[in-house]
Amino acid sequence: MASVSPPPTLLDRAKGCLLGGAIGDSLGAPVEFHTLGVIKAKYGENGIQEFDRAYGMLGGITDDTQMTLFTAEGLIRAKVRLALRGVCHPPSVIAFSYQRWLHTQGESCDRNAIDSDSLGWLVGIDALHHRRAPGNTCLSALRVWNQDLAKNDSKGCGSVMRSAPFGFCEATWELAWESAAITHGHIEAKASAAIFAETIRLLVAGQPLEAALIQACSLDRDETRSARLVRRAIELASGDVDSESAIRELGEGWVADEALGIAAYCALKGGSDFEKVVRLAVNHDGDSDSTGAIAGNLVGAQYGVGVIPTRWLVQIELRDVIEQLATDLVTELPLAPRDGATDAQKQAEKAFLDRYPGG
Ligand SMILES: [Mg+2]
(Lines give C-alpha, C1' and ligand atoms only; values in the text may rest on other atoms or scores of the structure.)
Protein backbone atom coordinates (compact mmCIF):
# COMPACT_ATOMS: atom_id res chain seq x y z
CA MET A 1 0.00 0.00 0.00
CA ALA A 2 1.37 3.41 -0.91
CA SER A 3 2.29 5.46 2.13
CA VAL A 4 0.57 8.81 2.59
CA SER A 5 2.99 11.54 3.57
CA PRO A 6 1.94 13.46 6.67
CA PRO A 7 0.78 17.06 6.22
CA PRO A 8 3.48 19.68 6.69
CA THR A 9 3.98 20.97 10.22
CA LEU A 10 3.32 24.59 11.10
CA LEU A 11 7.07 25.23 11.01
CA ASP A 12 7.39 23.56 7.58
CA ARG A 13 4.63 25.82 6.30
CA ALA A 14 6.16 28.99 7.79
CA LYS A 15 9.54 28.21 6.26
CA GLY A 16 7.92 27.19 2.99
CA CYS A 17 5.90 30.39 2.88
CA LEU A 18 8.77 32.80 3.54
CA LEU A 19 11.45 30.91 1.58
CA GLY A 20 9.02 30.18 -1.25
CA GLY A 21 8.24 33.88 -1.49
CA ALA A 22 11.92 34.81 -1.45
CA ILE A 23 12.70 32.33 -4.24
CA GLY A 24 9.81 33.53 -6.43
CA ASP A 25 11.01 37.08 -5.79
CA SER A 26 14.57 36.21 -6.76
CA LEU A 27 13.56 34.27 -9.89
CA GLY A 28 11.57 37.29 -11.06
CA ALA A 29 14.12 39.93 -10.12
CA PRO A 30 16.14 39.88 -13.40
CA VAL A 31 12.98 40.24 -15.50
CA GLU A 32 10.88 42.62 -13.38
CA PHE A 33 11.05 45.40 -15.94
CA HIS A 34 10.99 43.24 -19.10
CA THR A 35 8.10 42.36 -21.37
CA LEU A 36 7.44 38.69 -22.10
CA GLY A 37 8.84 39.22 -25.59
CA VAL A 38 12.13 40.48 -24.20
CA ILE A 39 12.22 37.66 -21.62
CA LYS A 40 11.74 35.04 -24.36
CA ALA A 41 14.33 36.65 -26.58
CA LYS A 42 16.86 36.35 -23.77
CA TYR A 43 15.93 33.03 -22.12
CA GLY A 44 14.12 31.05 -24.86
CA GLU A 45 10.49 30.23 -25.58
CA ASN A 46 9.78 29.01 -22.03
CA GLY A 47 11.16 32.18 -20.48
CA ILE A 48 13.38 32.37 -17.41
CA GLN A 49 13.63 28.97 -15.68
CA GLU A 50 16.49 29.32 -13.20
CA PHE A 51 18.04 32.08 -11.09
CA ASP A 52 19.92 34.65 -13.14
CA ARG A 53 22.05 37.51 -11.95
CA ALA A 54 20.26 40.51 -10.53
CA TYR A 55 21.70 43.14 -8.23
CA GLY A 56 25.13 41.56 -8.72
CA MET A 57 24.29 38.02 -7.60
CA LEU A 58 22.37 34.82 -8.20
CA GLY A 59 19.52 34.27 -5.76
CA GLY A 60 19.34 37.87 -4.58
CA ILE A 61 16.11 38.98 -2.92
CA THR A 62 14.36 42.30 -3.58
CA ASP A 63 12.21 44.78 -1.67
CA ASP A 64 9.30 42.31 -1.63
CA THR A 65 11.20 39.88 0.60
CA GLN A 66 12.89 42.64 2.58
CA MET A 67 9.53 44.11 3.54
CA THR A 68 8.02 40.67 4.24
CA LEU A 69 10.82 40.08 6.73
CA PHE A 70 10.08 43.39 8.44
CA THR A 71 6.37 42.46 8.57
CA ALA A 72 7.34 39.24 10.35
CA GLU A 73 9.60 41.18 12.70
CA GLY A 74 6.79 43.58 13.56
CA LEU A 75 4.35 40.76 14.28
CA ILE A 76 6.79 39.03 16.61
CA ARG A 77 7.57 42.29 18.40
CA ALA A 78 3.86 42.99 18.79
CA LYS A 79 3.44 39.58 20.40
CA VAL A 80 6.30 40.32 22.78
CA ARG A 81 4.84 43.71 23.66
CA LEU A 82 1.45 42.21 24.42
CA ALA A 83 3.00 39.50 26.60
CA LEU A 84 5.15 41.95 28.57
CA ARG A 85 2.80 44.94 28.86
CA GLY A 86 -0.67 43.49 28.40
CA VAL A 87 -1.62 46.06 25.76
CA CYS A 88 -0.51 46.50 22.18
CA HIS A 89 -1.68 48.03 18.90
CA PRO A 90 0.05 45.71 16.41
CA PRO A 91 -0.21 47.98 13.31
CA SER A 92 1.75 50.65 15.21
CA VAL A 93 4.48 48.17 16.08
CA ILE A 94 4.56 46.99 12.45
CA ALA A 95 4.77 50.60 11.26
CA PHE A 96 7.96 51.02 13.29
CA SER A 97 9.32 47.88 11.63
CA TYR A 98 8.63 49.50 8.24
CA GLN A 99 10.51 52.56 9.49
CA ARG A 100 13.50 50.30 10.14
CA TRP A 101 13.15 48.96 6.57
CA LEU A 102 13.17 52.60 5.38
CA HIS A 103 16.40 53.05 7.32
CA THR A 104 17.92 50.07 5.44
CA GLN A 105 17.15 51.90 2.20
CA GLY A 106 19.54 54.68 3.21
CA GLU A 107 16.75 57.09 4.16
CA SER A 108 16.19 58.92 7.39
CA CYS A 109 13.44 57.40 9.51
CA ASP A 110 11.59 57.98 12.75
CA ARG A 111 14.34 58.07 15.39
CA ASN A 112 12.24 56.03 17.81
CA ALA A 113 12.46 53.09 15.40
CA ILE A 114 16.23 52.87 15.69
CA ASP A 115 17.08 54.08 19.18
CA SER A 116 19.34 51.75 21.12
CA ASP A 117 16.46 50.14 23.05
CA SER A 118 14.39 49.31 19.99
CA LEU A 119 16.90 48.23 17.37
CA GLY A 120 16.49 44.45 17.49
CA TRP A 121 18.50 42.17 15.22
CA LEU A 122 16.90 42.45 11.79
CA VAL A 123 17.94 46.01 11.00
CA GLY A 124 21.48 45.00 11.95
CA ILE A 125 21.73 42.52 9.05
CA ASP A 126 24.10 44.30 6.66
CA ALA A 127 22.84 42.42 3.59
CA LEU A 128 19.42 44.04 4.02
CA HIS A 129 20.93 47.51 3.64
CA HIS A 130 20.60 47.55 -0.14
CA ARG A 131 18.07 49.15 -2.43
CA ARG A 132 16.50 46.53 -4.67
CA ALA A 133 14.10 48.69 -6.68
CA PRO A 134 11.96 49.69 -3.66
CA GLY A 135 8.42 50.77 -4.50
CA ASN A 136 7.82 54.51 -4.69
CA THR A 137 4.58 54.39 -2.71
CA CYS A 138 6.18 52.56 0.20
CA LEU A 139 9.15 54.93 0.23
CA SER A 140 7.14 58.14 -0.06
CA ALA A 141 4.49 57.15 2.49
CA LEU A 142 7.05 56.00 5.05
CA ARG A 143 9.15 59.16 4.61
CA VAL A 144 6.28 61.34 5.78
CA TRP A 145 4.78 58.82 8.24
CA ASN A 146 3.83 60.40 11.52
CA GLN A 147 2.08 57.55 13.31
CA ASP A 148 -0.86 57.98 10.95
CA LEU A 149 -2.37 56.32 7.86
CA ALA A 150 -1.21 56.93 4.31
CA LYS A 151 -2.84 59.93 2.67
CA ASN A 152 -2.28 58.76 -0.89
CA ASP A 153 -4.66 56.89 -3.21
CA SER A 154 -2.17 54.26 -4.30
CA LYS A 155 -3.03 50.66 -5.01
CA GLY A 156 0.49 49.58 -5.91
CA CYS A 157 1.31 45.98 -5.09
CA GLY A 158 3.65 46.99 -2.25
CA SER A 159 0.83 46.40 0.22
CA VAL A 160 0.12 42.81 -0.78
CA MET A 161 3.61 41.51 -1.59
CA ARG A 162 4.75 41.97 2.04
CA SER A 163 1.65 40.57 3.78
CA ALA A 164 2.12 36.78 3.94
CA PRO A 165 3.25 36.79 7.62
CA PHE A 166 -0.19 38.02 8.74
CA GLY A 167 -1.43 34.52 7.89
CA PHE A 168 0.46 33.24 10.93
CA CYS A 169 -1.16 35.50 13.53
CA GLU A 170 -4.60 36.14 14.98
CA ALA A 171 -6.99 38.74 13.55
CA THR A 172 -5.36 38.18 10.17
CA TRP A 173 -7.83 40.12 8.01
CA GLU A 174 -7.93 43.24 10.20
CA LEU A 175 -4.19 43.33 10.79
CA ALA A 176 -3.32 42.92 7.12
CA TRP A 177 -5.85 45.60 6.17
CA GLU A 178 -4.70 48.10 8.81
CA SER A 179 -1.02 47.50 8.07
CA ALA A 180 -1.55 47.96 4.33
CA ALA A 181 -3.10 51.33 5.21
CA ILE A 182 0.22 52.49 6.67
CA THR A 183 1.50 53.02 3.13
CA HIS A 184 -1.45 52.64 0.75
CA GLY A 185 -4.70 54.60 0.78
CA HIS A 186 -6.64 52.81 -1.97
CA ILE A 187 -9.19 50.20 -0.92
CA GLU A 188 -7.84 47.65 -3.43
CA ALA A 189 -4.39 47.76 -1.85
CA LYS A 190 -5.93 46.99 1.55
CA ALA A 191 -8.42 44.40 0.26
CA SER A 192 -5.74 42.51 -1.68
CA ALA A 193 -3.45 42.37 1.34
CA ALA A 194 -6.30 41.13 3.53
CA ILE A 195 -7.53 38.49 1.05
CA PHE A 196 -3.97 37.28 0.52
CA ALA A 197 -3.15 37.06 4.23
CA GLU A 198 -6.46 35.35 5.03
CA THR A 199 -5.76 32.82 2.27
CA ILE A 200 -2.36 32.08 3.81
CA ARG A 201 -4.05 31.59 7.22
CA LEU A 202 -6.53 29.11 5.76
CA LEU A 203 -3.78 27.22 3.88
CA VAL A 204 -1.81 26.94 7.10
CA ALA A 205 -4.96 25.55 8.75
CA GLY A 206 -4.99 22.80 6.13
CA GLN A 207 -7.47 24.03 3.52
CA PRO A 208 -6.75 23.47 -0.17
CA LEU A 209 -5.95 26.60 -2.16
CA GLU A 210 -9.15 27.05 -4.15
CA ALA A 211 -11.35 26.69 -1.06
CA ALA A 212 -9.07 29.04 0.88
CA LEU A 213 -9.26 31.70 -1.83
CA ILE A 214 -13.06 31.45 -2.04
CA GLN A 215 -13.45 31.68 1.74
CA ALA A 216 -11.02 34.61 1.99
CA CYS A 217 -12.91 36.48 -0.75
CA SER A 218 -16.18 35.90 1.11
CA LEU A 219 -14.92 38.26 3.82
CA ASP A 220 -14.77 41.09 1.27
CA ARG A 221 -17.81 43.28 1.92
CA ASP A 222 -16.90 45.95 -0.61
CA GLU A 223 -17.23 44.01 -3.86
CA THR A 224 -13.65 44.85 -4.65
CA ARG A 225 -11.83 44.21 -7.89
CA SER A 226 -9.34 42.25 -5.78
CA ALA A 227 -11.96 39.61 -4.98
CA ARG A 228 -13.32 39.68 -8.52
CA LEU A 229 -9.88 39.02 -10.02
CA VAL A 230 -9.24 36.15 -7.60
CA ARG A 231 -12.57 34.59 -8.58
CA ARG A 232 -11.68 35.09 -12.24
CA ALA A 233 -8.28 33.48 -11.61
CA ILE A 234 -10.07 30.41 -10.24
CA GLU A 235 -12.24 30.20 -13.37
CA LEU A 236 -9.26 30.62 -15.66
CA ALA A 237 -7.20 27.98 -13.83
CA SER A 238 -9.88 25.35 -14.35
CA GLY A 239 -10.71 26.43 -17.93
CA ASP A 240 -8.93 25.84 -21.20
CA VAL A 241 -7.48 29.31 -21.79
CA ASP A 242 -3.70 29.08 -22.21
CA SER A 243 -1.60 30.50 -19.38
CA GLU A 244 -0.13 33.40 -21.33
CA SER A 245 -3.59 34.65 -22.28
CA ALA A 246 -4.98 34.02 -18.80
CA ILE A 247 -2.26 36.04 -17.11
CA ARG A 248 -2.59 38.82 -19.67
CA GLU A 249 -6.31 39.02 -18.95
CA LEU A 250 -5.63 39.34 -15.20
CA GLY A 251 -3.25 42.26 -15.75
CA GLU A 252 0.42 42.98 -15.18
CA GLY A 253 0.67 42.95 -11.40
CA TRP A 254 2.00 46.47 -10.80
CA VAL A 255 -1.18 47.11 -8.81
CA ALA A 256 -2.22 45.03 -5.83
CA ASP A 257 -5.41 43.44 -7.13
CA GLU A 258 -3.72 42.25 -10.34
CA ALA A 259 -0.65 40.96 -8.51
CA LEU A 260 -2.87 38.85 -6.26
CA GLY A 261 -4.98 37.61 -9.17
CA ILE A 262 -1.95 36.54 -11.22
CA ALA A 263 -0.27 34.85 -8.25
CA ALA A 264 -3.48 33.01 -7.34
CA TYR A 265 -3.86 31.79 -10.91
CA CYS A 266 -0.27 30.52 -11.08
CA ALA A 267 -0.49 28.78 -7.68
CA LEU A 268 -3.75 27.07 -8.69
CA LYS A 269 -2.32 26.03 -12.05
CA GLY A 270 0.93 24.62 -10.67
CA GLY A 271 -0.37 22.92 -7.50
CA SER A 272 2.46 21.36 -5.50
CA ASP A 273 4.90 21.74 -8.41
CA PHE A 274 6.84 24.65 -6.94
CA GLU A 275 8.99 25.19 -10.02
CA LYS A 276 5.96 25.34 -12.30
CA VAL A 277 4.19 27.85 -10.03
CA VAL A 278 7.01 30.36 -9.75
CA ARG A 279 8.09 30.01 -13.39
CA LEU A 280 4.54 30.76 -14.50
CA ALA A 281 4.38 33.66 -12.06
CA VAL A 282 7.48 35.49 -13.31
CA ASN A 283 7.19 35.03 -17.08
CA HIS A 284 4.86 37.82 -18.19
CA ASP A 285 4.93 41.50 -19.13
CA GLY A 286 4.52 42.90 -15.63
CA ASP A 287 5.87 42.97 -12.08
CA SER A 288 7.55 39.56 -12.14
CA ASP A 289 9.29 39.59 -8.76
CA SER A 290 6.15 40.59 -6.86
CA THR A 291 3.88 38.05 -8.55
CA GLY A 292 6.64 35.45 -8.13
CA ALA A 293 6.93 36.30 -4.42
CA ILE A 294 3.18 36.10 -3.74
CA ALA A 295 2.79 32.85 -5.69
CA GLY A 296 5.81 31.38 -3.87
CA ASN A 297 4.30 32.37 -0.51
CA LEU A 298 1.06 30.56 -1.43
CA VAL A 299 2.57 27.27 -2.56
CA GLY A 300 5.04 27.20 0.34
CA ALA A 301 2.31 27.83 2.92
CA GLN A 302 0.13 25.09 1.43
CA TYR A 303 2.70 22.34 0.90
CA GLY A 304 5.60 23.28 3.18
CA VAL A 305 9.28 23.82 2.56
CA GLY A 306 9.69 20.21 1.33
CA VAL A 307 8.34 21.04 -2.15
CA ILE A 308 11.02 23.67 -2.81
CA PRO A 309 14.00 22.40 -4.85
CA THR A 310 17.18 22.16 -2.81
CA ARG A 311 19.28 23.92 -5.44
CA TRP A 312 17.17 27.07 -4.95
CA LEU A 313 17.14 26.77 -1.15
CA VAL A 314 20.92 26.66 -1.00
CA GLN A 315 21.27 29.64 -3.34
CA ILE A 316 18.70 32.02 -1.95
CA GLU A 317 20.19 35.06 -0.26
CA LEU A 318 19.74 35.30 3.52
CA ARG A 319 18.30 31.79 3.85
CA ASP A 320 19.38 31.61 7.50
CA VAL A 321 17.74 34.93 8.36
CA ILE A 322 14.52 33.96 6.57
CA GLU A 323 14.41 30.59 8.38
CA GLN A 324 15.08 32.22 11.73
CA LEU A 325 12.22 34.67 11.25
CA ALA A 326 9.88 31.90 10.08
CA THR A 327 10.79 29.89 13.18
CA ASP A 328 10.36 32.82 15.56
CA LEU A 329 7.04 33.70 13.94
CA VAL A 330 5.45 30.36 14.83
CA THR A 331 7.30 29.34 17.99
CA GLU A 332 5.93 30.11 21.43
CA LEU A 333 7.69 33.10 22.97
CA PRO A 334 10.53 31.79 25.16
CA LEU A 335 9.61 34.02 28.10
CA ALA A 336 10.90 32.80 31.45
CA PRO A 337 8.34 32.18 34.22
CA ARG A 338 8.16 35.17 36.57
CA ASP A 339 8.71 32.88 39.58
CA GLY A 340 11.42 30.29 39.81
CA ALA A 341 12.96 30.68 36.35
CA THR A 342 16.14 28.72 35.71
CA ASP A 343 19.27 30.45 34.45
CA ALA A 344 18.78 28.77 31.08
CA GLN A 345 15.23 30.12 30.84
CA LYS A 346 16.42 33.62 31.75
CA GLN A 347 19.17 33.47 29.14
CA ALA A 348 16.78 32.25 26.45
CA GLU A 349 14.38 35.09 27.27
CA LYS A 350 17.14 37.69 27.18
CA ALA A 351 18.45 36.45 23.82
CA PHE A 352 14.95 36.58 22.34
CA LEU A 353 14.16 40.03 23.72
CA ASP A 354 17.45 41.31 22.35
CA ARG A 355 16.29 40.15 18.91
CA TYR A 356 12.72 41.36 19.36
CA PRO A 357 12.37 44.20 21.87
CA GLY A 358 8.69 44.69 22.65
CA GLY A 359 8.13 47.91 20.80
MG1 LIG B 1 10.79 43.88 -5.89
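## Magnesium site

Asp64 is buried, at 1% relative accessibility (buried means under 20% relative accessible area, exposed over 50%, partly exposed in between, with a 1.4 Å probe and protein chains only). Thr62 is buried too, with a relative accessible area of 0%. The magnesium ion is coordinated by Thr62 (OG1), Asp63 (OD), Asp64 (OD) and Asp289 (OD), at 2.1 to 2.4 Å. Along the chain, the donors of the magnesium ion follow the spacing T-D-D-x224-D. Donors are N, O and S atoms within 2.8 Å of the metal (3.2 Å for Na, K and Ca); water is not among the atoms, so sites may look incomplete.

## Basis of the model

This is a predicted model, in which local features need pLDDT of at least 70 and side-chain atom pairs count only at pLDDT 80 or more, while totals for chains, interfaces and linings use all residues. Residues are numbered from 1 along each chain as its sequence is written, and side-chain values use heavy atoms, with hydrogens and water left out.

## Nonpolar core

The largest nonpolar core has 107 residues, of which Leu122, Phe166, Ile200, Tyr265 and Leu325 touch the most other members. Such a core is a set of buried Ala, Val, Leu, Ile, Met, Phe, Trp, Tyr and Cys residues joined through side-chain atoms within 4.5 Å.

Not counting residues up to four places away in sequence, Ile200 touches Cys17, Ala164, Gly167, Phe168, Asn297, Leu298 and Ala301 (contact means heavy atoms within 4.5 Å).

## Helix α2

Helix α2 (residues 36–43) has the buried residues Leu36, Ile39 and Lys40. They lie on the same side of α2, because they cover an arc of only 95 degrees around the axis (the arc is that of the directions from the helix axis to the C-beta atoms). Helices (H or I, at least four residues) and strands (E, at least two) are DSSP runs, numbered from the N terminus.

The buried residues of α2 pack against α10 (243–250) and α12 (274–282). On the face turned away from the buried side, α2 carries the exposed residues Ala41 and Lys42. Gly44, with a positive phi near 100 degrees, follows α2.

## Largest cavity

The largest cavity has a volume of about 40 Å³. Its lining consists of Leu18, Gly21, Ala22, Thr65, Thr68, Leu69, Ala293, Asn297 and Ile322. Two or more residues of this lining come from each of α1 (10–28), α3 and α13 (288–303).

On a 1 Å grid over the protein atoms alone, a cavity is a set of points where a 1.4 Å probe fits but cannot get out; lining residues have an atom within 4 Å of a point. Grid points are joined across faces, edges and corners, and a volume is the space filled by probe spheres set on the points.

Key. On a 1 Å grid over the protein atoms alone, a cavity is a set of points where a 1.4 Å probe fits but cannot get out, and a pocket is an open set with protein on both sides within 12 Å along at least five of seven lines; lining residues have an atom within 4 Å of a point.
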